Amino acid sequence: MLASRLRQRWLTLLSVASLGLALQVTAAQAHSDTQALDAADRAMKDALDAARDHRWSRIDNAAIDDHVLAGYVEYHRLKAHLSSAPAVEVESYIARHTDSPLSDWMRGQAQIAFGRDGRFDDLLAISDGKPSGTIRQCYYYTALLDRQPQEAAQGGRELWRVGHSQPSACDRLFDTLRERGDIDEGDIWTRLTLAWQGGESRLVGYLADQLDGDWDTGIDALERLRSNYAAITEIPTDIGPQGQGSGALFTAAMHNFTRADTEAALEAWRKIAPHLSLSDTQRHTIEHDLAFYSMVRDVDNNLGWADDALPRLADGDLFELRVRNALADQDWGEVIDWIDAMPKATRQKAHWQYWLGRALNQRGDTESAQAAWQLAAQERGFFAFAAADKLGQPYALNMNMPDVTPLQSELAAMRPSVQRSEALRRIDEPGLARSEWFHAIDQASASDTAALNAYALERSWYDLAVHGAIMAQQWDALAWRFPSAYKANFDQWGQRNGVDPYLLMAISRRESAFNRQAVSPVGARGLMQLMPDTASHVSRNLDIDAPSRGELFEPTTNIRLGSAYIRDMMERYRGNRLAAAAAYNAGPGSVDRWLREASGNFDLFVERIPYHETRAYVQAVLTYRVIFESLAKQGDSQGVALLTQAEREGIYDTTLLARNP
């Protein structure tokens, strides 16, 4: 029945896509007049390049006045003279471009320019509430100092209470609030302790100089603690006037002590906790840290205390860590007990119902195990699919594609934001094109978002369909979240390198969401997020020229090298995709070490991966692979396997290593 419904939904999706053929014909007709289109776009590209460089005389205004992107040139003109522009001009620009990210960008630029110049009436005139970004917020609350002093004081104190230096834009705000007493010495002390907690020694010294003699005891205590955390049991418990600084100091001290020496920190905490006057939040923060690091570091002398503290703290992340520790010991009774103790919302997740079933089965309670697995198998995900395997039933994809009418598709193509995104792509401005698209998604209704996502997929804007579905929280719209992107390339290089194309697609989906221009913070590039050094290494092994960094954005090059690298990882781990995916994310050296320390089945190996990112990565990649293969079968998961028999039944230890690194 489920498979039948999924196939029906898939056929509906195909019908919707076919109904969009008229739109494709319209697009083809538009491109038939390439000479006029290219001339207009060339003029706009030249004008935008000139505007960025403030070369106004090079702009052919007559050629771009009617262009859909004319607002981008106007943006640079207005930005260039914001220091003299009246607020009404900025307001007018913002009002005319509310359906574009240009409006928010201009508002942000004007807030900074007006704030820097002290034009606070104008700043408030073009603002629409609390802005984003520290600099803009500082100027905004400075503008409110004499107009809405209470709101200015509240916002200013929030900006003050951080453990790092703030930009100079905040100076006037902070100075005024300190003069008025809205930021008092207690606030200075709180920030000082946060700076110490964050390792900002220079800021600690600067703030200490701002305090009077009432805080000498606290400063002396902090100096002792900086050289010896264990002195926490000896320092006064009454810090600052009326003891108002005690909570901040002891919270910061325990934060640092717990990370430096968790066992000694707990011993000290047991001595001082009954004598401290702390807020519930401060006490909870300290004890959460102690429990967390005690379990992560497996501090034997602390584990009994941690077990006693967990029910009181009632934090889901601590219960999950406690279950993982029980799984590492394969103490199935503890696994059951701690899953039962979890908050209901955590306990009912497929992940933990799978492990409850596994533990119950190990204890011989087959009936209860089957019930737990049945509950888990109703969801979509790695452990949900693993539970379905235990029951011998197909996976629940739970696909539900929103309906998109032909009219909605046509209207989506006519939206000015879509036309601007199209034009920006034509003039090679992919970043701006994405910004336009995401702004449209953010402003759209649920039905309009569905039409935009369908249009993005039709135009092969795979990454926009993925992110659009995620932004709209359309979690069950699998055809948009997992499009058949660059399938020919994945098939070609998967076949040549002997790697499952669906696995390659799953890796790319997890790495870049199919954004071919993606660059990670550490410099990984393209669909499969290859580091340039890795690409060079793989190229040498293939006896081909190493690609330039720009060439890594080309799908063919990126997939060719990425598939060769994952092939190498597969060979390293005897064809095991779990280990290979882990190595793709964390590096083979880490996986080799984990295998030397492991001995158990696939589920224990995955659960015991120490890096949260890699643990989630491996689960996502194998889950995505199932989804891609099922979608290729019109949404039917019958016959699709999460794992091979060897992956499912094998032991994860050094026997997986086909060769030494």
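1. How does Asp-261 count at 36% relative accessibility: buried, partly exposed or exposed? Asp-261 counts as partly exposed. The cut-offs are under 20% relative accessible area for buried, over 50% for exposed, and partly exposed in between (1.4 Å probe, protein chains only). Asp-261 lies in the loop between helix H15 (246-260) and H16.

2. Basis of the note. This is a predicted model, in which local features need pLDDT of at least 70, side-chain atom pairs count only at pLDDT 80 or more, and totals for chains, interfaces and linings use all residues. Residues are numbered from 1 along each chain as its sequence is written, and side-chain values use heavy atoms, with hydrogens and water left out.

3. Overall make-up. The chain has 39 helices and zero strands. Both are DSSP runs, numbered from the N terminus: helices are H or I with at least four residues, strands are E with at least two. The C-alpha trace spans about 80 × 75 × 50 Å along its principal axes. Of the 661 residues in the chain, 51% are buried.

4. Negative patch. Asp-261 belongs to a surface patch of negative charge. Patch residues have over 30% relative accessible area and no salt bridge; like charges are joined within 9 Å, nonpolar side chains (Val, Leu, Ile, Met, Phe, Trp, Tyr) within 5 Å. Asp and Glu count as negative, Lys and Arg as positive; His and the chain ends are not counted. The place of a charge is taken as CG of Asp, CD of Glu, NZ of Lys or CZ of Arg.

5. Helix H25. Ser-409, Ala-412 and Ala-413 are buried in this helix, residues 406-414. They cover an arc of only 95° around the axis, so they sit on the same side of H25. That arc is taken from the directions from the helix axis to the C-beta atoms. Leu-407 and Met-414 are exposed on the face turned away from the buried side.

6. Nonpolar patch. Leu-407, a residue of helix H25, counts as exposed because its relative accessibility is 54%. Leu-407, Leu-411 and Met-414 form a nonpolar surface patch. Together they have about 320 Å² of accessible area. Accessible areas come from the Shrake-Rupley method with a 1.4 Å probe, and for residues only the protein chains shown count as cover.

7. Salt bridges. The structure holds 33 of them. The criterion is a side-chain nitrogen of Lys or Arg within 4 Å of a carboxyl oxygen of Asp or Glu. Side chains of opposite charge can pair when their charged atoms come close.

8. Glu-436 and Arg-420. Their side chains meet in a salt bridge at 2.9 Å, N to O. The pair links distant parts of the chain, 16 residues apart: Glu-436 in helix H27 (residues 430-443) and Arg-420 in helix H26 (residues 416-426). Both ends are buried: Glu-436 has a relative accessible area of 0%, and Arg-420 has 9%.

9. Glu-422 and Arg-459. The closest N and O atoms of this salt bridge are 2.8 Å apart. Glu-422 is in helix H26, while Arg-459 is in the loop between helix H28 (446-458) and helix H29 (462-471), 37 residues apart. Glu-422 is buried at 13% relative accessible area. Arg-459 counts as partly exposed at 28% relative accessibility.

10. Arg-567 and Asp-568. Here the salt bridge is 3.2 Å, N to O. Asp-568 counts as buried because its relative accessibility is 16%. Elsewhere, salt bridges that share partners join Asp-49, Arg-52 and Glu-429 into one network.

11. Backbone points to check. Most residues other than glycine have a negative phi, and most peptide bonds are trans. Gln-242, not a glycine, has a positive phi of about 55°. Gln-242 is in the loop between helix H14 (216-227) and H15, and is exposed at 78% relative accessibility. Gln-634 also has a positive phi, near 60°. Gln-634 lies in the loop between helix H38 (612-632) and helix H39 (645-649). At 38% relative accessibility, Gln-634 counts as partly exposed.

12. Phe-114. This residue is in helix H7 (residues 101-116). Phe-114 is buried, with a relative accessible area of 0%. Phe-114 and Tyr-139 are 25 residues apart in sequence and 8.4 Å apart in space, C-alpha to C-alpha.
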